[in-house]
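Please take me through this model in the viewer, one selection at a time. For each stop, say what to select and what is found there.

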Amino acid sequence: MIASTGPYFQDAISTLISLLTLFSFLAVTVLSLVWLERKALGRLQLRLGPTRTGPFGLLQPIADAVKLVLKEDIVPNEAEKVIFWVAPIIVVISAFMLWVTIPLTPSIVVQNLENMGLFYVGAVGVIGILGLVLAGWGSANKYGVIGGLRAAAQLISYEIPLIMVFVSIAIVTQTFNLVEIVNLQSPVPFILVLPLGFVLFFVSGLAEVGRTPFDIYFAESEIVGGPFVEYSGAHWAVFFLSEYINTFAIATLTVLLFLGGWSGPFLPSIVWLLIKIYAVILLIFWIRGTLPRLRIDQLMAFAWKVMVPLSFYLVVCCSIYVFYGLPWWALTVMSIFGLGVVGVIIYQYITAPARKVAEVRERLRLLQMSQEE
Amino acid sequence: METFVNDWMAVTLSVLVGAGAILGLFIASFVFSAKRKSKIKLTTYECGIPSEGFTWANINFRFYIFGILFLIFDVEAVFLFPWALIFVEQNNLGNPLPFYAMMMFLLILLFAILYGWRKGVFEWQK
């Protein structure tokens, strides 16, 4: 009977079931991330974090979710109602669409897009920016407009290094299939082959999900939440949800593309993948607890003067490596060379004022000594 | 053909499932949430004082320049994605031209970046 309704009907039903499973998995993951972030940040700042709700405060994210649903959902009179209402949906749908092709193991994946997985991830990830700009613009609030435009400027600038890292991985592996990319890493994970790619991907990934030090577009102490300033209740909860889904996606992609994915000894592959993902996420939280926020001019200068040239250098290195058939460590050497040169230049640039001061002090000291004589 | 249909069906269904779940959340919130509207509550937030002036005015021109820059580099990325797989294939067939062509293109782009850098396009403030 099912077969008579069409050739794709059964496929559609099974895809639908796996998508619903995926959504519940992501919801549970977001709850765990919220708890982990509050606990980790608390410990980093010598606080306890949540302790009252359940053992170790484990029920805190559930209490938060219930609170957000019960809160009043305010749409300001001045706001462009339709844009204001639709913007969070765009953000969360783009965050969810990414997960169609991200594999957790070779078999646990909704639909592995074999011909375009990496390209699809790069393409769909950008749609969220539109939602943020619309949210800022539609809420008719000055902080919102500034925050939305800052989000646009920051996210599109850091999108380019991200895309270039995707391109260089495609050049090295000669495929867009994410499962295939992970399988190719079984002897040597790509973090050893492309250290530069890992650094570029991780930094621009942090910027893409707006994690500190790249959270200028919703900086609470400056523009009081940027695009989210007028949102409350369920609409705000949706932004929150998509932010955590995106953080989890960036951590997962880092693991899949650079840390060998699900491969590892003894334990089952899904356990290895989750261990690696949570290690990367803890690194992200650690960075949030340690670094101060970048100013907008520093942010844009860093994107266009450091990240973009370095990412093009990486693409050229990878294509030369494939074209001339060099051994894999040649790529490592080129990567580390690029990182080293840029590191030295940045160090010189940052310490220039201090060296100037020391030089002037030294000259003054010599002058005083000669006068005393 | 079958892979093509299944791939895009999964993508379309993911949009529907995402939208459905979010609409479910909104409906739950609509049913359960507090609703005590007041005139003051629905005004625009501006640090506790009444909102002044026109909201969508005086936006820094720099945002547009970075938008245009992004367009240039995004077109570049569109070139690079198919090239990433094609140039190796062509080279194996004895045609190294795509590799050299893209290197020339990247060299021209490098000059563009350096020119823009000298002109101060990447500076937030001059």
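Start with the second largest pocket: its lining takes at least three residues from each of domain 1 (1–70) and domain 2 (74–372) of chain A, with domain bounds from an automatic or database domain assignment. This is a predicted model, in which local features need pLDDT of at least 70 and side-chain atom pairs count only at pLDDT 80 or more, while totals for chains, interfaces and linings use all residues. Residues are numbered from 1 along each chain as its sequence is written, chains are lettered from A and ligands numbered from 1 in the order in which they are written, and side-chain values use heavy atoms, without hydrogens and water.

**Stop 1: the second largest pocket.** Its volume is about 570 Å³, which is the space filled by probe spheres set on grid points joined across faces, edges and corners. A pocket here is an open set of points on a 1 Å grid over the protein atoms alone, where a 1.4 Å probe fits, with protein on both sides within 12 Å along at least five of seven lines; lining residues have an atom within 4 Å of a point. Select F218(A), E220(A), F240(A), E243(A) and R288(A), the closest to the centre among 21 lining residues. Helix 11 of chain A gives the most, five residues; helices are DSSP runs (H or I, at least four residues) numbered from the N terminus. The lining has nine nonpolar, five polar and seven charged residues (Ala, Val, Leu, Ile, Met, Phe, Trp, Tyr, Cys and Pro count as nonpolar, Asp, Glu, Lys and Arg as charged, the others, Gly among them, as polar).

**Stop 2: the helix crossing.** Select helix 1 (9–44) and helix 11 (233–258) of chain A, whose axes are 9 Å apart at an angle of about 90 degrees. Axes are lines fitted to C-alpha atoms over the stretch in contact, and angles run from 0 to 180 degrees between N-to-C directions. The two helices are therefore roughly perpendicular (65 to 115 degrees). Contact (heavy atoms within 4.5 Å) involves F25(A) and L33(A) of helix 1 and F240(A) and Y244(A) of helix 11, among others.

**Stop 3: the largest pocket.** Its volume is about 1500 Å³. Select A301(A), F302(A), K305(A), V306(A) and I346(A), the closest to the centre of 47 lining residues. Helix 13 of chain A supplies the largest share, twelve residues. Helix 3 (97–119) of chain B is also one of the elements giving two or more.

Technical notes:
Parallel < 35°, antiparallel > 145°, perpendicular 65-115°, else oblique.
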